[in-house]
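Subject: Structure for you to look at

Hello,

Here is the structure I said I would pass on. Please open it first; my notes come after it.

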Amino acid sequence: VMASMAHLQKEKLRLQEELLEVQEKLTARENDELSLSLQLQGQVETLKEKLLEQAQEISRLRSELGGTDAEKHRDLLAAENERLRQEMKACEGELRELRWQQQQAPCCDCPHLQENAGLQEQLSQLQREAEETRAKLVELDLEVQQKTNRLAEVELRLKDSLAERAEEEERLSRRLRDSQETIASLKSQPQQIKYIIKTVEVESTKAKQALCETQSRNQYLQEQVGMQKQVLKEMEQQLQSSQKTEAKLRAQIMMYEAELERAHGQMLEEMQAMEEEKNRAIEEAFSRAQVEMKAVHENLAGVRTNLLTLQPALRTLTHDYNSLKRQVRDFPLLLQETLRSARAEISQAIEEVHSTNRELLRKYRRELQLRKKCHNELVRLKGNIRVSGRVRPITKEDGEGPEAANAVTFDADDDAVLHLLHKGKQVSFELDKVFPPQASQEEVFQEVQALVTSCIDGYNVCIFAYGQTGAGKTYTMEGTAANPGINQRALQLLFSEVRGKAADWDYTITVSAAEIYNEALRDLLGKEPQEKLEIKLCPDGSGQLYVPGLTEFRVQSVEDINKVFEFGHVKRVTECTNLNEHSSRSHALLIVTVRGLDRSTGLRTTGKLNLVDLAGSERVGRSGAEGSRLREAQHINKSLSALGDVIYALRSRQGHVPFRNSKLTYLLQDSLSGDSKTLMMVQVSPAEKNTSETLCSLKFAERVRSVELGPVSRKAELGSWPSQEHLEGDSPGSAAPPGRGHASPSPGQLSSRSASIRRKLHTSG
Ligand code: ADP
Ligand code: MG
């Protein structure tokens, strides 16, 4: 049953875990989707970046491809190769282009650059030289011009002077002729003249004057002729010098012309050389340009192939990008879809879990009932009466020395066995359970917990604390404020259990407190504590007993119980001068009644929990007590014996149970018979000085417990319970019931017991 319970519990836990798992999965999936979307966005980002890079690369390549313009230009220039100047210019342009390209291109350390620079320099030098030569030529030209001009001038002057001279000559020759004619004429006419002269002389002075005049004129003319001759001579000289100068000039001109020719030839040569140089330079530049062009072409081809290889990559990238974009676009839809499906799944799962829960609850209820049945059966098989022992620790009150020495030892493997050293002999006892001194109140309560809970199910329960005064009965039942005993813990447990069942059940818990002193029952919570209460049969014929006038307090919380306990205590304190003395001589009862009503079925249950702190079990009678002490002792002895008898009769399932032999058993009759459950907690002191009483208590406990169960023992054990006085035998075996030589169980006894249980199981089906 426990296993199945545990299994069910496990299953329930598992289902809850599953539910949690499903929820976790959902959150995980949501997280996943979120992270996926983030990842996709990141991928899109990187793809965009790549695209940008590609575009840049393409544009760069395109700009590089732009070089074809230069190529065309160059082609054009090649066609116009004759026009050297233009070509040179083109070449220079090309060179510039190339230099730019080289600057653009990563190959900065190209040797062509330096070569180019050298050539450029040479070219410029040559150009300079050509310029100089040209300038010189122009200068020479100018000089030649000047000289020719001067020559022309001189020639002109010469011509002029020649013409002048010719004119003069002509004039002079004419005059000469004239003069000669005149002279001739004159010669031919000398008589005449003489005559004339004579005539003149004869005739007049006038002729003489004219002769004079003519003579002066002749003289003058002769002078003139001389002068003219001189001039002529001069002229001739001048002509000669002119002619000389002319020859000189001519030679000079010739020289100049030769020089000019030479210069011209030189210039032509130089020009030729320069041209050749230029051609060579151009060719070189051209070839270099071609090589570079080739390299550029190769580069271009590489770039083209690169581009070609890049294009598919770009295509795939764009494709990827598009697909990703699609995915991203579709993602919210997908997410919604997934979320919807997940939600549906979860709701389905929850529904399933709910249904399983319902099913489980149903099963659980069924199992609960089964468990209750089984538990009862188990308890019945184990016997409804359990006997436990509790050994208190050695306290200050035990004093010091050998008297306070510990006389009780335990079995390490078996928590039901206890050894007592009495008068040098070790006696072993076996109970249902033994609590060593170090056992806490909580541990003790654990043992009785099941009994307390069964009270809620409508069972009657009795828990007794038995033992000599000072063995810890009150400690076990009431405990201290800091460490409460069974009473308070039981009520606390009842409260919590009732609260747990509040959904289906209504419960009322009431408490009464009473004491039995000298066979008189008194209400500890009533207004008249001295009043002796009577126990009566219920008039309804149900056979139930009740105590008219016994006060009942309804309690709902721990505070309520504390108030009730305090109230009861105060009563007891005010009533008695010596509380401990009195309390050890009376039985104190706490009666808790739990009444339940199942709201759904209307079923009513009533369970009673009787918590009894019995009077001290020590044998006062033997020590020759008298008067009231003797009466007390007799009453206690009687009531404890009666309790022993009753429990013995119950445990051996005798037909007659002597409940009426004492007030205590009579009062607890309905809580001891039938399905009721009883726990006897036998308290013992471990001190050496108490061993005799301890031995008595343990014997009582073992005898109560050792009653055989089942029909065989029922028939066999019809003898009466030995009276309390008979327990006083000091030797352990003397008062033992037949068949029980010593306290510890032998294998044979164990097997006979298990056989009886098996029989029991068999008969109960
Ligand atoms: P009884 O009621 O049987 O006369 P008490 O309960 O008054 O005995 O206990 C006697 C003394 O021993 C008290 O001082 C109590 O505190 C102490 N005592 C009893 N049992 C224990 C225990 N398990 N642990 C500690 N002290 C205990
Ligand atoms: Mg006490």
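Below are my notes on the ligand site and on one serine beside it in the discussion. Please keep in mind that this is a predicted model.

Ligand site

The shell around ligand 1 is made up of Arg390, Arg392, Pro393 and Glu397, together with the run Gln468, Thr469, Gly470, Ala471, Gly472, Lys473, Thr474 and Tyr475. By class, 3 of these residues are nonpolar, 5 are polar and 4 are charged. Helix H8 (residues 473-477) supplies the largest share of the shell, with 3 residues.

Oxygen atoms of the ligand come up in several polar pairs. One lies 2.7 Å from a polar backbone atom of Gly470, and an oxygen is also found 3.0 Å from a polar backbone atom of Gly472. On its own, ligand 1 has 550 Å² of accessible area, and the protein covers 76% of it.

Ser685

Ser685 sits in the loop that links strand S15 (677-684) to helix H15 (691-705). Is Ser685 buried or exposed? Its relative accessible area is 1%, so Ser685 counts as buried, the cut-off being under 20%. Beyond its neighbours within four places in sequence, Ser685 is in contact with Arg392, Val408, Gln468, Ala471, Asn690 and Thr694. With Arg392 there is a polar contact between the two side chains, at 3.5 Å. Arg392, Gln468 and Ala471 also belong to the surroundings of ligand 1.

Regards

How values were computed. Residues numbered from 1 in each chain as written. Chains lettered and ligands numbered in written order. Predicted model: local features only at pLDDT ≥ 70, side-chain atom pairs only at ≥ 80, totals over all residues. Heavy atoms only, no water. Near = heavy atom within 4 Å. Polar contact = N/O pair within 3.5 Å; in protein donor to acceptor, adjacent residues only side chain to side chain. Areas by Shrake-Rupley, 256 points an atom, 1.4 Å probe, with all protein chains shown as cover. Helix = DSSP H or I, 4+ residues; strand = E, 2+ residues; numbered from the N terminus. Nonpolar A, V, L, I, M, F, W, Y, C, P; charged D, E, K, R; others polar. Buried < 20%, exposed > 50% of the residue type's maximum accessible area, 1.4 Å probe, protein only. Contact = heavy atoms within 4.5 Å.
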